[in-house]
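Dear colleague,

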Amino acid sequence: MAVYVPGHIAEIKPYVPGKPIEELERELGIKNSVKLASNENPLGASPAAIKAITESLSVLHRYPDGGGFFLTKKIGAMLGVDPECVVLGNGSDDVIGMLTGALLEPGDEAVMACQSFLMYEIMVKARGAFPVYVPLNADLSLDLEGMLEKINEKTRMVFITNPNNPTGAWIEKNDLDSFLAKLPENILVIMDEAYVEFVSKDRQFTTAAKEYIDSGRLVALRTFSKAYGLAGLRIGYGVMSKELALVLHRIRQPFNASIPAQAGALAALDDKDFLDKSVNLIQTELEFLYEKIGEMGLKYHRSQANFFLIELGRDAYEIFNLMLREGVIIRAMASYGFPTCIRVNAGTRPENEKFIEALKKVLK
Ligand SMILES: *Cc1c(COP(=O)(O)O)cnc(C)c1O
């Protein structure tokens with residue numbers, strides 16, 4: 001290639017997403033496969049959201065509301081923060097891009113867990129900045145003390161995923177609060193809460209709340225891709241101080257939340273029944289899967305998200321390939337640093353049964 005590519009870009013390993021179901025079925029010549037690989041909602045999306053999206057298509061020749069007036073207002077009201085604190089994104093990935101794009105300079109450092117969402121690393125490197133990795137604790141929880149130890153004068157931000165992907169581990173409010181008390185005030189904490197809706201009600205809290213946001217030290221990331229079942233629509237948001245929101249608006253693409261995305265997200269927020277039904281299904285089905293996996297004598301990690309890790313004690317990529325041939329798509333976790341683990345999200349009962357039957361067969 002003749003074009004000059006800066007070294008810090010050339011060294012980025014591209015994100016490898018789970019393959020679309022249609023593509024795999026075509027490649028393998030199979031039908032009716034089950035995808036439990038990308039933490040998507042097995043019930044689909046809220047019918048009310050789909051209706052709103054369909055209706056929004058009549059104005060598709062117009063540009064969207066670049067300020068997201070109604071959606072930021074509704075999100076603000078839901079969380080008890082001003083609408084000006086909410087920055088919409090083309091998925092929450094987009095907000096991660098804005099934060100790293102606006103706040104990092106070459107040579108800066110961003111602290112993150114060794115095993116967490118791969119997009120943090122990619123977007124930090126894209127700025128010529130450096131990810132600084134902290135291993136997980138032995139029980140796969142995030143090592144907050146370890147993160148504090150990595151802070152130095154080059155550190156600009158810390159990424160915390162709660163619940164964590166891919167482990168499903170959850171940080172309790174007390175532990176987060178004492179972490180924040182010890183963290184230097186000038187370091188931004190990016191709390192990725194992509195799966196927060198699935199956390200059991202007695203333990204759940206969100207940092208997308210006034211008490212955290214007003215300090216200006218913390219950004220909470222939320223998405224419609226998981227519990228709301230709108231991954232294909234691409235809509236997420238960050239909640240932050242008004243000052244920081246104004247900084248992101250300087251570099252934000254002006255129309256990064258499409259008309260269907262804003263319409264669908266608005267309707268999804270109103271459909272509380274669908275959200276509750278989705279969360280209840282996931283919680284029930286995870287218990288079912290834990291039981292079946294336990295009966296097979298495999299080790300697994302209980303999770304506060306909609307997925308969990310299973311320890312196979314052997315090369316997981318091989319099992320992933322054999323499972324594909326059974327029509328079940330799961331995630332082998334080598335790229336996340338767990339070469340002997342698979343990550344599986346809870347599906348519907350028939351999907352989960354098919355997964356269990358297939359896993360029994362290929363492990364024989
Ligand atoms: C799925 C996921 C997201 C959501 O990304 P979107 O761009 O909103 O689809 C963000 N963070 C983590 C940790 C995730 O697993």
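How much area is buried between domain 1 and domain 2, and what percentage of that area do carbon and sulfur atoms give? The buried area is about 2,200 Å², with 63% from carbon and sulfur atoms; buried area here is the accessible area (1.4 Å probe) that two parts lose on being put together, summed over both. On the domain 1 side, Ala45, Gln304 and Tyr336 lose the most area to domain 2, together 34% of what that side buries.

Please note that this is a predicted model, in which local features need pLDDT of at least 70 and side-chain atom pairs count only at pLDDT 80 or more, while totals for chains, interfaces and linings use all residues. Residues are numbered from 1 along each chain as its sequence is written, and side-chain values use heavy atoms, with hydrogens and water left out.

The domain assignment, which is automatic or from a database, gives domain 1 as 18-45 + 273-363 and domain 2 as 47-270. Their C-alpha centres lie 25 Å apart. The contact (heavy atoms within 4.5 Å) takes 25 residues from domain 1 and 26 residues from domain 2. Between the two domains there are 0 salt bridges, a salt bridge being a side-chain nitrogen of Lys or Arg within 4 Å of a carboxyl oxygen of Asp or Glu.

A polar side-chain atom of Tyr195 lies 2.6 Å from a ligand oxygen, and a side-chain N or O atom of Ser225 is 2.6 Å from an oxygen of the ligand.

Yours sincerely

Terms used
A polar contact is a pair of N or O atoms within 3.5 Å; within protein, one must be able to donate a hydrogen and the other to accept it, and residues adjacent in sequence count only if both atoms are side-chain atoms.
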